[in-house]
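Here are some exercises to work through with the model open beside you. Try each task before you read its solution.

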Amino acid sequence: MCWFTNDDRAILEPQNDIFATALLVLGFVVFACVVSKTYIAHQEGAFALENYEQASLIAQSIAHSQMLQGSRQDLISAEKLDALDGPQADLHTLSLFFDSFSPNVNFQVDISTENGEHIWHIHKPASSSPSMGQIAASVPVTLELNPMQQVPGTLTVKLFKDRWNS
Amino acid sequence: MKQMSGFLRDERAWVDFVLSKTALILASVVVITAIYHFAVSMEEVSHQRELDVLSTELLSYIDKAGSSPDEVNITYTFNEEHLSHFQEHSTDILISGEYVVINADVDGRSLISAQTPAFRVYPYPPSVLYDDLRSEYGSSGTITEPIRAEPADMIGYLTSRTDEVSFNASERVYIRKTFIYFTDDINVEKIGYVLVYQ
């Protein structure tokens, strides 16, 4: 270090301006990278938030749907869920269930009791689950297992987005 | 040969000076151009964000109406603060059964913000919906006049009737959740539709 500072030959002196410009370019490239990274992170956050709102509205709509209504307006009938769940699902009812939603929005509905004893999965007929990103939103519901038994549960909407990175 | 010898013995270093300064000028031009393009692209991103805010706000009103379990009427007015950035540019607002699209032409570049509503949208007033259904099925689809048809047929018919409708940003947009009723003479079913019109 001492040798370097005492060197008076000034080998680097004529190229000082080039080094300064190179540093400026490097600084600008780093700045552009930081800004673009921040923007991408912000975009992803905004996209997730925006789609969470949509998933949440779908969940609320389903929670209040008359198609699933039990003996009271605030109850979801387990019997009606059975008709929509699994391979034995009634295709006409299933199709009617999804008809109120845009065909461009791909989602599935998972409903479970709080203790996890009963779980229902409602899929769009003839839809394949895409491997794209998904946003989930849940709302608390009350499930009517039979006229004598009502239990708390959760209704979750998983929204699959084809345009995840767009 | 003498000239060449003179050139080789010349120690004024003017070639070094010229090359060094040329490289410096070229680098400066590149950096200034990059900074200019960066500033322009940031401005474009800012315009795109404003356009996205406009379309997302309209979409959230449509989705809120669609998620309602009952029939609702909502009136929406475009945010003048966001709209003011595009007033000097041509802005098109197009709503179809599948997309809400806001298109602005900023300095010769076309910026588009497209969003997908979660619920079924029919971009016409209730009178047009009822007339369309009455002309095809003989019933208006209200609770007093349910349609005798398969829901999938009716959805296919309404989709075929739906074009992109252009909306005026300075006028109010009416958003109405309504239900179309079906019957098979035993049961009555219904499908929700969001009507968006001016």
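**Exercise 1: the interface**

Task: find how many residue pairs are in polar contact across the interface of chain A and chain B.

Solution. Start with the rule: a polar contact is a pair of N or O atoms within 3.5 Å, where within protein one must be able to donate a hydrogen and the other to accept it, and residues adjacent in sequence count only if both atoms are side-chain atoms. Across the interface of chain A and chain B, this gives 7 residue pairs, both residues at pLDDT 80 or more.

Next, ask which elements of chain A give two or more residues to the side that touches chain B. They are α2 (16-63) and α4 (91-99) of chain A, with helices taken as DSSP runs of H or I of at least four residues, strands as runs of E of at least two, both numbered from the N terminus. α2(A) gives the most, 19 residues.

A note on the ground rules: this is a predicted model, local features need pLDDT of at least 70, side-chain atom pairs count only at pLDDT 80 or more, and totals for chains, interfaces and linings use all residues. Residues are numbered from 1 along each chain as its sequence is written, chains are lettered from A and ligands numbered from 1 in the order written, and side-chain values use heavy atoms, with hydrogens and water left out.

**Exercise 2: the sheet of chain B**

Solution. Strands count as paired if DSSP finds at least two bridges between them.

Now look at one pairing: β1(B) runs antiparallel to β7 (residues 173-183) of chain B, joined by 5 bridges. In β7(B), B:Y174 stands opposite B:T75.

**Exercise 3: the sheet of chain A**

Task: does β1(A) run parallel or antiparallel to β4(A)?

Solution. Begin with the order, β1-β4-β5-β2-β3 of chain A, an open sheet of 5 strands with mixed pairing. Its edge strands are β1 (75-77) and β3 (119-122) of chain A. Then take the pair itself: β1(A) and β4 (residues 134-146) of chain A run parallel, with 3 bridges between them. One of these positions to check is A:L75, whose bridge partner in β4(A) is A:T142.
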